[in-house]
Amino acid sequence: MKILAIDTATQVAGVALLSENKLISESIINHQLNHSKKLMNTLDQMLENVELKYNDLDYLSVAIGPGSFTGLRIGLATTKAIAQVTNLPIIPVSTLESLAYNISYSSGIVCPLLDARRNQVYSALFQTNNSGKVKRLTQDSALNLEDLKEILNSYNQPIFFLGDGSEKFMKDFITSENRLLVEPYLRLCQPSSVGVCALNHLDQATDFIKVEPSYLRPSYAEENK
Amino acid sequence: MNILGIETSCDETAAAIVKDGREVLSNIINSQIDIHTKYGGVVPEIASRNHLMDLPIVVSQALEEANMTFNDIDAIAVTNGPGLVGALLIGVSYAKGLASTLDIPIIGVNHLEGHISANYITNKELEPPFLCLVVSGGHTNLILVNDYTDLKVLGRSLDDAAGEAYDKIARVIGLGYPGGPKLEKEAESGNPKAIEFPRVLLDKDSFDFSFSGLKSSVLNYVNSSKQKGIEINSHDLAASFQQAILDVLIEKTLRAAKEFNINKVAIAGGVSANKALRKQLTKALDENDIEIYSPEFIYSTDNAAMIAAQGYYDYINGNISDNFLDAVPNLTIE
């Protein structure tokens, strides 16, 4: 079984191709936000390099958010188009849960942080226990920094911080010895983690019409109406 | 050659299949206007959110209406500018995904050139060279079409587009959004000579337009009337405002046709559906033995058939894009 993973939720534009027991190829461009220009070419090149065609795949997976609204839509529009032509099912993946899979062999609480601006972060909590299994503890949401701090205080385990907001809010959250900032190369969104996360959620496969972004916030105009 | 056209530059999600640039096999337009009306104008983020969910369905409908599958499509044409960047990105990303998976060419199309090409669909005999007046909510351009892909902008609006001025004045009179068609209707029973508003012609040699002075003048009239307690006749106001715009559009179009010795003039864009514009421009051109062409209403507002039509001519002239095609919100004609 082969699965293609696409992630343009953050500054990283990434694609990966994997099966249950093998990472076949992965590309990460952690440079600038012009995903629309790079994504399709990166994808085509990757398939060409490993001599595979869309017909050889079984699933598509895509990071549906939270993340940059525009970034999410570039990934989803591309994934929907591929699925519409090939009839491949799409497995939608939470950007936050995929980040937890970056360090699924840790033991403790994983707390991904994405900068949501306005003094908020997109976050959710996950439990790991050395096994590679990731258990979700809380739902993805946009949280005030103070509210998240209070939630974290109720956990008496090591807490691992990662994601593109983890460095920015380091001072707010890394307040004791058992709170750790994950290494830079494991801190960013990795498309292979999106793929692994999808392999653990095959039951959530859907089609190109139903898959939708998880913005976690209405548009500014709707909020202020 | 069958081209699938895709258009998401503003608040219409559209897909169409056009054969050889002129024959429309299907034309689906999903307007978001009802969604944006309650905000008094297009909200870019809401437009983008809706495009993403609607576009794949609209494309399926276009295939179905043409009785085709993706295998019958030879190339994909997509609007890549000008327009709202977030909205354009949906069409461009999706179109590249389709083209790459189908292994067929992708063609980035200029939205304004698309409006001009709407004329090829309705007027099968029309061929360049001709002069085109493009008037819509976002654009007022006078363009010399030397050939299908050789266009020269003679004049453009330096401030508000004509359609934009319509919308703003309609709001002042209290007609609501979108104001263009409502203002036109209001003007039908009004006297266009009732109020004297300025005709801004700029330099006598210029083909550029400016409508912000006219807009201010109308606002001043409304405010001073209110101060003096004089009741405003909205029909006369609408008719007088509209006439000031039409006089400028017609004067410049006629002068450009004469200067470049052109005997064919086409109109395009949403405002080209305006009946008063069509009637008065036809009369002025008739008197000078100049032929006038216009698209059917359905092809004058934003649609994807016009994008597929222009995409065909881009394709046969070798203007083919690649995987790096990007949205360009301020794309110009060059």
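How far apart do the C-alpha centres of domain 1 of chain B and domain 2 of chain B lie? They lie 27 Å apart. This is a predicted model: local features need pLDDT of at least 70, side-chain atom pairs count only at pLDDT 80 or more, and totals for chains, interfaces and linings use all residues. Residues are numbered from 1 along each chain as its sequence is written, while chains are lettered from A and ligands numbered from 1 in the order in which they are written.

**View 1. The two domains of chain B.**
Domain 1 of chain B covers 2-116 + 299-316, and domain 2 covers 127-294. These bounds come from an automatic or database domain assignment. The contact takes 12 residues from domain 1 of chain B and 18 residues from domain 2 of chain B. Here, two residues are in contact if their C-beta atoms, placed from the backbone, lie within 7 Å. On the domain 1 side, α1 (33-37), α4 and α11 of chain B each give two or more residues. Helices (H or I, at least four residues) and strands (E, at least two) are DSSP runs, numbered from the N terminus. The largest share of the domain 1 side, 4 residues, comes from α4(B). By class, this side has 4 nonpolar, 6 polar and 2 charged residues. Ala, Val, Leu, Ile, Met, Phe, Trp, Tyr, Cys and Pro count as nonpolar, Asp, Glu, Lys and Arg as charged, and the others, Gly among them, as polar.

**View 2. Helices α4 and α11 of chain B.**
Helix α4(B) spans residues 111-122, and helix α11(B) spans residues 305-316. Their axes are 7 Å apart, and the packing angle is about 90 degrees. Axes are lines fitted to C-alpha atoms, for helices over the stretch in contact, and angles run from 0 to 180 degrees between N-to-C directions. The two helices are therefore roughly perpendicular to each other. Angles under 35 degrees count as roughly parallel, over 145 as roughly antiparallel, 65 to 115 as roughly perpendicular and the rest as oblique. From α4(B), the contact residues include H115(B), A118(B) and I121(B). From α11(B), they include M306(B), A309(B) and Y313(B).

**View 3. Where chain A meets chain B.**
In this contact, 25 residues of chain A touch 27 residues of chain B. On the chain A side, α1, α2 and α8 (220-223) each supply at least two residues. Helix α2(A) gives the most, with 13 residues. By class, the chain A side has 13 nonpolar, 7 polar and 5 charged residues.

**View 4. Helix α2 of chain A against two helices of chain B.**
Helix α2(A) (residues 69-86) packs with helix α3(B) (residues 85-102) at about 30 degrees, with axes 8 Å apart. The crossing is right-handed; a crossing is left-handed if the near helix is turned anticlockwise from the far one by less than a right angle, and right-handed if clockwise. This contact has 10 nonpolar, 7 polar and 3 charged residues. Helix α2(A) also packs with helix α2(B) (residues 44-65): their axes come within 10 Å and cross at roughly 10 degrees. These two are therefore roughly parallel to each other. Among the residues that meet are F69(A) and L76(A) from α2(A), and L52(B) and P56(B) from α2(B).

**View 5. The open sheet of chain A.**
Five strands form the sheet in the order β3-β2-β1-β4-β5, with mixed pairing. Two strands pair if DSSP finds at least two bridges between them. Strands β3 (22-30) and β5 (90-94) stand at the edges, each with a single partner strand, so one side of each is left without a neighbour in the sheet. Neighbouring strands are turned by 15 degrees against each other on average, direction ignored. Strands β1 (residues 2-7) and β4 (residues 59-65) run parallel, joined by 4 bridges. One bridge pairs I6(A) with V62(A). Helix α1(A) (residues 35-49) packs on the sheet, touching β2 (12-19) and β3. Helix α7(A) (residues 191-199) lies across β1, β2, β3, β4 and β5, at about 130 degrees to β1(A).

**View 6. The two domains of chain A.**
Domain 1 of chain A covers 2-94 + 190-223, and domain 2 covers 96-187. Their C-alpha centres lie 22 Å apart. The contact takes 15 residues from domain 1 and 12 residues from domain 2. On the domain 1 side, α7(A) gives the most, with 4 residues.
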